[in-house]
Amino acid sequence: MKRSKRFREIESKVEKGRLYEVSSAIKLLKELSTAKFDEAVDISVKLEIDPKKDHVRGMVSLPYGTGKTRRILVLAEGEKIEEAKKAGADFAGGDEFLNRIQEGWLDFDIVIATPELMPKISKFGKLLGPRGLMPNPKTGTVTQEVGKAVRELKGGKIEFKMDKTGCVHGVVGRASFDADKLRENVIQFLKELWNAKPAGAKGTYFKSIYLSSTMSPSIKIDPKFVSEVMK
């Protein structure tokens, strides 16, 4: 794939073969993020496990959020609707929103649901599942505590899950974030990913870690940083 002149110029600033300490990587990443918009900062972790045998999935509350406003739909009934609205849900209701989804409406980023509505919601599995929108008890999006869930997700709680290649990706902030805040977000992401390590996983677990922004090349993190994070 042919790279643009701009990309080649910023790519030349990343030392080939170098393993960066996370603070150095963030400092460089901020210098490389020169787009006219506030670029997202992404983390990519390759896990040393077999995706066919183990699966990694969980939630992490980033101390400083992702910098992105996410639209939350709460599917509930009765007093839970008002609880969700007071907590900051963008949309809250029951059958009226299920009917809109059936008609093709998907103008939201996260779905939270109360357990009693899941039988109705399960019918939309083929529509919501592939888009990562299906509520799941493991990620805290199927709960009676809808207000708490909304506040946590609005405050920076995000889901992570391993793909078929054994990689986990996540957004840990924006290029405009203060470097120390980005570092804390990265640390918290890695800690929660470490805590999600399958019981049967042996050896290294974190095979490689990369940071990048929307329009920048990837910067490889020194794996020694992981041991520092886990202290």
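A: Let's start with strand β1, which covers residues 40-47 and is mostly covered: six of its eight residues are buried. Keep in mind that this is a predicted model.

Who are the partners of β1? One is strand β7 (residues 167-174), joined to β1 by seven bridges, and the two run antiparallel. If you want a spot to look at, find valine 45: it stands opposite valine 168 in β7. The other is strand β8, residues 206-213, which also pairs with β1 in the antiparallel sense, over seven bridges. Here the spot to look at is aspartate 42, which stands opposite serine 212 in β8. As a bit of background, strands of a sheet pair through backbone hydrogen bonds, and they can do so in a parallel or an antiparallel way. Side chains in a regular strand alternate between the two faces of the sheet.

Now for parallel pairing, move to another group of strands. There's an open sheet of three strands, in the order β4-β3-β5, and its pairing is parallel. The edge strands are β4 (91-93) and β5 (110-113), since each of them pairs on one side only. On average, neighbouring strands of this sheet are turned by 15° against each other, if you ignore direction. Zoom in on β3, residues 72-75: this strand and β4 pair in the parallel sense over three bridges. Within that pair, leucine 73 stands opposite phenylalanine 91 in β4. A helix joins in here too: α4 (residues 95-102) packs on the sheet and touches β3 and β4. The direction of α4 makes about 115° with that of β4.

Helix α2 (residues 22-32) and helix α8 (residues 179-195) have axes that come within 10 Å and cross at roughly 125°. The two helices are therefore oblique to each other, and α2 passes α8 in a right-handed crossing. Which residues do the touching? From α2 you get Val22, Ser23, Ile26 and Lys30, and they meet Ala179, Leu182, Arg183 and Val186 in α8. Sort that contact by class and you'll find five nonpolar, one polar and two charged residues.

Note on methods
Residues are numbered from 1 along each chain as its sequence is written. This is a predicted model: local features need pLDDT of at least 70, side-chain atom pairs count only at pLDDT 80 or more; totals for chains, interfaces and linings use all residues. Side-chain values use heavy atoms; hydrogens and water are left out. Axes are lines fitted to C-alpha atoms, for helices over the stretch in contact, and angles run from 0 to 180 degrees between N-to-C directions. Helices (H or I, at least four residues) and strands (E, at least two) are DSSP runs, numbered from the N terminus. Angles under 35 degrees count as roughly parallel, over 145 as roughly antiparallel, 65 to 115 as roughly perpendicular and the rest as oblique. A crossing is left-handed if the near helix is turned anticlockwise from the far one by less than a right angle, and right-handed if clockwise. Contact means heavy atoms within 4.5 Å. Ala, Val, Leu, Ile, Met, Phe, Trp, Tyr, Cys and Pro count as nonpolar, Asp, Glu, Lys and Arg as charged, and the others, Gly among them, as polar. Two strands pair if DSSP finds at least two bridges between them. Buried means under 20% relative accessible area, exposed over 50%, partly exposed in between (1.4 Å probe, protein chains only).
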